[in-house]
Amino acid sequence: MGTTDNAAVDLCLMDPVFEKYREQKGPLIPILQRAQGIYGYLPPDVLQIIAGRLGVPLGKVYGVATFYSQFYLERRGKHVLRLCDGTACHVKGTAILMTVVQEEYGVGPGETTEDGELTVEIVYCLGSCALAPVATLDGQVMGRMRPETLVRQVRKQIASAQRATDA
Ligand code: FES
């Protein structure tokens, strides 16, 4: 079962970030980048504490966080799978790919697995229509995707990252 809830976050992790940018002018964007590096996204409590510490209106912090596509306001997984559902991919079976991902990981579009490993997103044309159906996994383009290959690739990606962390 997936979730898009904002889990409780440890705000103390932001202390060294505020310390680092204490003397710097206009540190909002680098602080948001650091915060996202720590939490993987920008939780509401973190945006609030940033506004408070910088003395900037919360609306401005949200304005910046939503203006730049690099920032995410929802929790995201360590790995991001994007399935293209543009016309070419749609007719070549994106729905089947989505179904197997849902069966395997229990998450639908815009959701993240509860273990925080995988976020699934739908996009509309990745510019590689000749390779339909197309998916990207952590930014890597995978064309002519078949359900079993897709599941295998996602499993492999998650497992290899876990091995690298354990090593
Ligand atoms: S429609 Fe999927 S890559 Fe163009």
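I am working from a predicted model, in which local features need pLDDT of at least 70, side-chain atom pairs count only at pLDDT 80 or more, and totals for chains, interfaces and linings use all residues. Residues are numbered from 1 along each chain as its sequence is written.

Whole chain. I found seven helices and six strands; these are DSSP runs numbered from the N terminus, helices being H or I of at least four residues and strands E of at least two. Of the 167 residues, 23% count as buried, where buried needs 20 or more other C-beta atoms within 10 Å of a residue's own, exposed 12 or fewer, and partly exposed lies in between, with C-beta atoms placed from the backbone.

Helix H6. I looked up residues 94-105, and H6 has 12 residues. Which residues of H6 are buried? They are Thr94, Leu97, Val101 and Tyr105. Seen down the axis of H6, these fall within an arc of 60°, so they line one face of the helix; the arc is that of the directions from the helix axis to the C-beta atoms. On the other side, Ala95 and Glu103 are exposed. Just after H6, glycine 106 has a positive phi of about 70°.

Helices H2 and H3. I noted Leu28, Ile31, Ala35 and Tyr39 of H2 in contact with Val46, Ile50 and Leu54 of H3, contact meaning C-beta atoms, placed from the backbone, within 7 Å.

Terms used
Contact = placed C-beta atoms within 7 Å. Expected span 1.5 Å × (residues − 1).
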